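Here's a quick briefing to read alongside the model. Have the sequence and the 3D view open as you go.

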Amino acid sequence: MQKPPPQSHEFALKETSPNIGAGAITGDKLSCTYDLVEQMQYLYVRVVKAKDLPAKDITGSLDPYVEVKLGNYKGLTKHFEKKSNPEWNQVFAFSKDRIQASVLEVVIKDKDVIADDFVGRVWFDLNEIPKRVPPDSPLAPQWYRLEDRKGEKAKGELMLAVWMGTQADEAFPDSWHSDAAMVGSEAVANIRSKVYLSPKLWYVRVNVIEAQDLVPSDKSRYPEVFVKVNLGNQFLRTRISHSKTINPMWNEDLMFVAAEPFEEPLVMTVEDRVGPNKDEILGRCMIPLQLVQRRLDHKPVNTRWYNLEKHVVVEGEKKDTKFASRIHLRVCLDGGYHVLDESTHHSSDLRPTAKQLWKPSIGILEVGIISAQGLMPMKTRDGRGTTDAYCVAKYGQKWIRTRTIVDSFSPKWNEQYTWEVFDQSTVITLGVFDNSHIIQGGDKSGGTKDSRIGKVRIRLSTLETDRVYTHSYPLLVLHTSGVKKTGEVQLAVRFTSSSFINMLYMYSQPLLPKMHYIHPLSVIQLDSLRHQAMQIVSMRLSRAEPPLRKEVVEYMLDVDSHMWSMRRSKANFFRIMKVLGGLIAFGRWFDQICNWRNPITSILIHILFIILVLYPELILPTIFLYLFLIGIWNFRWRPRHPPHMDTRLSHADAAYPDELDEEFDSFPTSRPADIVRMRYDRLRSIAGRVQSVVGDLATQGERFQSLLSWRDPRATTLFVTFCFIAAIVLYVTPFQVVSLLIGFYVLRHPRFRHKLPSVPLNFFRRLPARSDSML
């Protein structure tokens with residue numbers, strides 16, 4: 001089979017050689033604990049507090065703040081009003097690569113309306129500053145006597161700690177960085193690195209069994225009762241009960257997704273369909289999820305009767321009236337399932353909700369997010385293009401967000417993160433985004449969204465254990481105008497296995513927890529529940545501080561992966577054709593053997609066939625030996641790099657503009673009627689071809705059924721007679737003789753062949769199918 005042309009170099013994966021500690025023989029402790037990233041040296045200044053500061057205003061008060069100056073860089077603490085013993089406890093980090101001064105100056109000033117007053121300062125010579133590398137204990141801050149402008153002692157003391165360190169320092173994540181000097185104090189939180197945890201998700205199973213003693217307002221008619229259940233913004237309802245009495249029965253299961261801590265109660269409403277689009281509420285009950293029983297296996301929980309309350313309006317006021325109506329339910333939190341919150345094709349976690357069912361971890365995944373190169377300008381600021389990039393990585397319940405590097409097309413993060421691995425058949429997703437919330441005021445920038453720069457997925461099972469992969473991954477984004485490369489991100493990845501035996505054992509285990517197989521959920525249910533889980537995760541993470549925004553979470557979780565796309569449909573069709581390519585190639589090769597294109601090969605195949613027929617016990621060993629040799633032969637060309645986004649496989653570089661415009665269209669559509677009509681007609685054309693193929697497959701199957709159905713009495717008579725004669729012949733003739741005769745007939749020389757179809761094929765094509773009965 002002809003291989004597709006290789007992907008262009010622009011979109012290819014590139015192996016890199018960053019200056020990282022992994023594999024290096026060095027005495028530096030950093031190379032052991034933080035060895036997948038390049039060392040970045042920082043000057044840290046921790047401003048703790050001050051005491052006995054002198055009053056400066058006429059009123060005798062002081063509004064102090066600290067200014068940390070290093071060359072052209074200046075960092076400010078918050079100011080306190082009328083306080084002579086303030087506490088700041090803020091850390092400032094100055095990149096050593098950008099330091100151009102030899103002296104560090106820490107100045108205390110008094111905030112004033114016209115001009116801030118000088119209170120005192122402390123000087124440090126950079127050559128005298130100590131160096132600290134974790135896991136050394138943090139440097140203890142010391143009291144320093146303030147000096148005036150002339151260098152003489154002034155009133156007041158300032159507690160400081162000053163040291164040289166790296167990004168492995170505990171103070172690094174919460175530091176004010178000199179490369180973010182233009183970021184307003186209110187928006188500093190939006191640029192810091194952060195680790196988030198997805199909320200713990202549960203499936204809530206509500207088995208609505210029956211209700212008793214309902215009181216409909218119109219007793220002259222048979223009630224058409226159903227139950228509506230809602231949990232937060234999730235609404236489901238049962239069918240209308242077949243027993244149209246005041247004691248209806250349903251016995252239906254409804255499934256919801258809930259997240260800890262449980263905030264919303266389960267609300268059950270029993271309603272009567274009194275007319276078209278008109279329902280009457282017969283009763284309601286609320287069930288707090290904190291009181292619901294949790295189960296770990298398939299054993300049913302105990303049922304309970306719940307009283308129904310009805311709201312009666314008396315003189316404009318709602319009053320709850322309790323009466324004898326009640327509902328019979330079985331409600332539980334299913335801990336034996338894994339709540340899918342991402343696409344099943346690239347899940348990062350497959351464990352059940354209940355921690356008691358977790359198996360021990362099989363290893364550790366370490367990722368060093370080193371840098372990015374060649375990023376595109378994502379927005380304009382002060383009349384020029386700029387990008388404020390940060391990375392987000394998601395594996396299991398743990399999300400990480402690097403700090404934002406302000407105004408750089410080649411940001412260097414050099415941050416390393418670690419995850420526990422419980423299953424190697426999982427995928428880590430890493431995305432790069434542009435931060436649109438770093439202006440003064442933080443979140444006050446309206447509805448601005450963080451722009452996506454690109455995404456990388458790495459399947460752990462494709463990685464060799466204990467090997468450090470250092471590659472530059474292309475960042476690709478699909479636009480309506482086509483696929484665009486927005487830059488490259490440089491990563492160092494290492495998967496370390498704690499037990500090789502346990503890792504091999506995982507290949508024999510089911511992919512999902514056993515509840516998915518004992519009590520499987522339907523495809524439609526899973527899709528709906530996955531969508532609800534994604535919404536819950538994105539809402540909870542957007543409420544964190546700093547928030548992991550909804551558009552970021554949805555892009556990482558592939559929220560829109562289920563939407564129709566002509567491009568994806570073509571890509572999947574060619575994937576199927578590539579999978580079937582081996583069978584097609586084998587069919588062509590066998591056809592050449594049968595037609596004696598290469599007589600020597602055909603003779604060898606005849607000899608092999610005779611040997612296998614005479615010694616059938618060699619058939620299976622021959623097949624497995626052949627597969628073994630193919631595997632050994634392919635080992636020489638095994639992939640040496642992790643997978644990455646492939647534009648050719650995705651059919652992204654050959655998609656038409658209209659197909660991409662359709663893919664990015666909203667749901668429901670926002671395009672003009674003529675474009676929608678054109679796309680609908682195109683979809684009808686494609687669906688028509690699919691319909692024809694499905695109909696042809698059904699026809700062939702129905703012809704097999706009609707062999708013995710007597711739909712065509714003459715054909716069935718011939719087939720039954722043939723079967724009787726064949727049974728007698730095969731009984732008296734050795735099986736090996738029959739096999740040899742059939743084999744020689746199939747492999748016969750072309751001079752003994754006819755170009756017309758064979759008799760069995762002619763007979764089969766004449767059999768009737770049910771297509772004649774279709775309208």
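A quick word on burial first: buried means under 20% relative accessible area, exposed means over 50%, and partly exposed is in between, using a 1.4 Å probe and protein chains only. This is a predicted model, so local features need pLDDT of at least 70 and side-chain atom pairs count only at pLDDT 80 or more, while totals for chains, interfaces and linings use all residues. Residues are numbered from 1 along each chain as its sequence is written, and side-chain values use heavy atoms, with hydrogens and water left out. Helices (H or I, at least four residues) and strands (E, at least two) are DSSP runs numbered from the N terminus.

**Nonpolar cores**

- A nonpolar core here is a set of buried Ala, Val, Leu, Ile, Met, Phe, Trp, Tyr and Cys residues joined through side-chain atoms within 4.5 Å.
- The largest one has 34 residues, and Leu365, Ile369, Trp413, Trp419, Val432 and Val489 have the most contacts inside it.
- Among the elements giving two or more residues to this core are strand 21 (363-373), strand 26 (412-421), strand 30 (482-497) and helix 2 (500-506).
- A second, separate core has 33 residues, including Val68, Phe80, Ile108 and Leu158.
- Trp419 touches (heavy atoms within 4.5 Å) a list of residues that includes Leu365, Val367, Tyr395 and Ile428, leaving out anything up to four places away in sequence.

**Strand 26**

- With 7 of its 10 residues buried, strand 26 is largely enclosed by the rest of the structure.
- Strand 26 pairs with strand 21 in the antiparallel sense over 8 bridges; pairing requires DSSP to find at least two bridges between the strands.
- Ser371 has Lys412 of strand 26 as its bridge partner.

**Aromatic pairs**

- Rings of Phe, Tyr and Trp (its six-membered ring) pair if their centres lie within 6.5 Å; planes under 30 degrees apart are stacked, over 60 edge-to-face and the rest tilted.
- That rule gives a count of 17 aromatic pairs.
- Phe94 and Trp176 have ring centres 6.2 Å apart and planes at 65°, so they make an edge-to-face pair.
- Phe94 sits in strand 5 (residues 87-95) and Trp176 in strand 10 (residues 176-177), so the pair ties together parts 82 residues apart in sequence.
- Phe94 is buried at 1% relative accessibility, and Trp176 is buried at 9%.
- Tyr42, Tyr44, Trp163 and Phe172 form one aromatic cluster.

**Helix 7**

- Helix 7 (residues 599-614) has 16 residues and reaches 23 Å from first C-alpha to last, close to the expected 22 Å; the expected span is 1.5 Å times one less than the number of residues.
- Its buried residues are Ser602, Ile605, His606, Leu612 and Val613.
- They cover an arc of only 130° around the axis, which puts them on the same side of helix 7; the arc is that of the directions from the helix axis to the C-beta atoms.
- Cover for those buried residues includes helix 6 (566-594), helix 8 (619-634) and helix 12 (735-746).
- Exposed Ile600 and Leu604 are on the face of helix 7 turned away from its buried side.

- The Glu260 to Pro261 peptide bond is cis, with omega near -5°.
- Glu545 and Pro546 are also joined by a cis peptide bond, with omega about -5°.
- Asp466 isn't a glycine, yet has a positive phi of about 65°; at 51% relative accessibility, Asp466 is exposed.
- Trp710 has a positive phi too, near 60°, and is partly exposed at 49% relative accessible area.
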